[in-house]
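Morning, everyone. Let me put the structure up, and we will go through it together.

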Amino acid sequence: MSEWSGDGVTGLDSRDADIRDAQRVIKVAQETRPDWIVVAAAYADVDGCETNPDLAFAVNRDGAVNVAAAAKQVGARLLFLSSDYVFDGNKTTPYETGDPRNPQSVYGRTKAEAEIRLFKVLPDCCVARTSWLFGTGGKCFPDTILKLAASREALDVVDDQRGCPTFAIDLARTIVRLCRTNATGIVHVTNAGDCTWFEFAREIVRSAGIATPVRPVSTQRMARPAARPAYSVLSAASLHALGIEMPSWPDALRRYLEQRQLTR
Ligand SMILES: NC(=O)c1ccc[n+]([C@@H]2O[C@H](COP(=O)([O-])OP(=O)(O)OC[C@H]3O[C@@H](n4cnc5c(N)ncnc54)[C@H](OP(=O)(O)O)[C@@H]3O)[C@@H](O)[C@H]2O)c1
């Protein structure tokens, strides 16, 4: 929210406006008359989506379409946050915005179907795909790793899923820029560089000055309900085309650790 300096911003959670409630969403849009609506709301529990597919589609796909319909009614532009999980992970080079979607999980399907439907309702909407989000103020991978590293002798972390960690602050700044420049279409928004979860965890522990060893393991050893893409690195070409450069993920991690220290 603080990234929107100089703009009037209304932040809403599910108690203010459950996006499954089309009438409520339209009422809020009519009351606030925004220039832009950013849809970050989601049922984002990737494993939970496998066991609650009805809820996942109701929120992530149908809820997003409700917001798009409201945006259309009040003449607002729309930015929808989507995910690297719309891809299958079979590539070995960064995913471009035009690569075919082929989600392997319920969560990924909800996001992929939402993207397609949103462009039908609002052809000039902006879809910002991001990945591996972390930030202070909630549960996230670095926070979990630091807590586990403090209590365990060693950590086993998967080393066969590669992606782009992304600091929520850097994502927020870029969302503001995308809105201010009236961006349309699909944009990939991640911190620069890529790594595996193991490499990310090793850097988190090293940067925090913790001696706990981090060991690489395979996804097979850490079975989870939802399939994750083995490779979901998002190409920065769409961002560069807009003249936007994101900081590297190690730089973002350093700033996250500083911020985490201050907020503890
Ligand atoms: N985390 C990642 O690594 C990642 C990667 C790629 C894309 N994304 C996308 O980025 C966005 C933010 O992700 P996140 O991990 O920060 O998610 P999060 O922490 O789980 O936050 C989700 C937000 O959505 C709200 N919400 C849930 N159901 C809702 C409903 N029916 N109506 C209105 N609001 C609802 C929640 O509000 P309440 O707290 O009030 O329930 C919460 O504020 C999501 O769109 C997610 O799909 C995340």
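I will take the ligand site, then a pair of helices.

Ground rules first. This is a predicted model, where local features need pLDDT of at least 70, side-chain atom pairs count only at pLDDT 80 or more, and totals for chains, interfaces and linings use all residues. Residues are numbered from 1 along each chain as its sequence is written, and side-chain values use heavy atoms, leaving out hydrogens and water.

Now the ligand. The side chain of Ser 14 places an N or O atom 2.6 Å from a ligand oxygen. Leu 133 uses a polar backbone atom, 2.9 Å from a ligand oxygen.

On to the helices, which are DSSP H or I runs of at least four residues. The axes of H5 (141–151) and H7 (197–207) come within 10 Å and cross at roughly 60 degrees. Axes are lines fitted to C-alpha atoms over the stretch in contact, with angles from 0 to 180 degrees between N-to-C directions. Contact means heavy atoms within 4.5 Å. H5 brings residues including Phe 141 and Ile 145; H7 brings, among them, Trp 197 and Phe 200.

Definitions and conventions
Polar contact = N/O pair within 3.5 Å; in protein donor to acceptor, adjacent residues only side chain to side chain. Helix = DSSP H or I, 4+ residues; strand = E, 2+ residues; numbered from the N terminus.
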